[in-house]
Amino acid sequence: MLKEQRRFRIFSLCLALAACSFQSPATPSATVAGSPAPVAEEQAGPGKVSINQATAEMLAEAMNGVGLKKARSIVEYREQYGPFTSVEQLAEVPGMGTSLVERNLSRLTL
């Protein structure tokens, strides 16, 4: 009985994921309990975070190899020098290198 319940849960999850992948880009994403979606995700598209609008917490969650401390450095750099003009400009942030930026290019947008 437990195996059947587990299979049903996995099957239900697969169906839900498949349904999400077939939404058109114009379709707004679902929100939990009516809470608004983060601004960075709305403008960046699915799976990407805006380096010019995201909070340090959002950046730390989205980026591979970036913790909260480096994410705060990104936000502080942005506040001090203004918005980034390219994603590659992240390499100018202290603690960020070109290899770390390249590793995260697919996760980031302006």
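**Core and aromatic cluster of a predicted model**

Q: Which residues have the most contacts inside the largest nonpolar core?
A: This is a predicted model. Its largest nonpolar core has 20 residues. Those with the most contacts inside this core are L59, M63, I74, L90 and M96.

Q: Which helix gives the largest share of this core?
A: Three helices each supply at least two residues of the core: α3 (56–62), α4 (68–81) and α5 (98–103). The largest share is four residues, and it comes from α4.

Q: Which residues does M96 touch, leaving out those up to four places away in sequence?
A: M96 is among the core residues with the most contacts inside the core. Beyond four places in sequence, its partners are M63, V66, K70, I74, L90, A91 and V101.

Q: How many aromatic pairs does a search of the whole structure find, and which residues form one aromatic cluster?
A: The search of the whole structure gives two aromatic pairs. In one of them, Y77 and Y81 are tilted, with 4.6 Å centre to centre and 45 degrees between the planes. One aromatic cluster is formed by Y77, Y81 and F84.

Q: Why are Y77 and Y81 separated by about one helical turn?
A: Both residues lie in helix α4. The separation is about one helical turn because they are four residues apart in that helix.

Q: What is the angle between the planes of Y77 and F84?
A: Y77 is buried, and F84 is buried as well. Their rings are 5.7 Å apart, centre to centre. The pair counts as stacked, since planes under 30 degrees apart fall in that class, and the angle here is 15 degrees.

Q: What distance separates the C-alpha atoms of T109 and S50?
A: T109 belongs to strand β2 (residues 108–109). T109 has 24% relative accessibility and so counts as partly exposed. T109 and S50 are 59 residues apart along the chain, yet their C-alpha atoms are separated by 4.8 Å.

Q: What pattern does the chain follow along the sequence?
A: The chain has five helices and two strands. Read along the sequence, the pattern is α-α-β-α-α-α-β.

Q: What percentage of the accessible surface belongs to carbon and sulfur atoms?
A: Of the 110 residues, 25% count as buried. The accessible surface of the chain is about 7900 Å². The share belonging to carbon and sulfur atoms is 58%.

Methods: Residues numbered from 1 in each chain as written. Predicted model: local features only at pLDDT ≥ 70, side-chain atom pairs only at ≥ 80, totals over all residues. Heavy atoms only, no water. Core = buried A, V, L, I, M, F, W, Y, C linked by side-chain atoms within 4.5 Å. Buried < 20%, exposed > 50% of the residue type's maximum accessible area, 1.4 Å probe, protein only. Contact = heavy atoms within 4.5 Å. Phe/Tyr/Trp six-rings, centres within 6.5 Å; stacked < 30°, edge-to-face > 60°. Areas by Shrake-Rupley, 256 points an atom, 1.4 Å probe, with all protein chains shown as cover.
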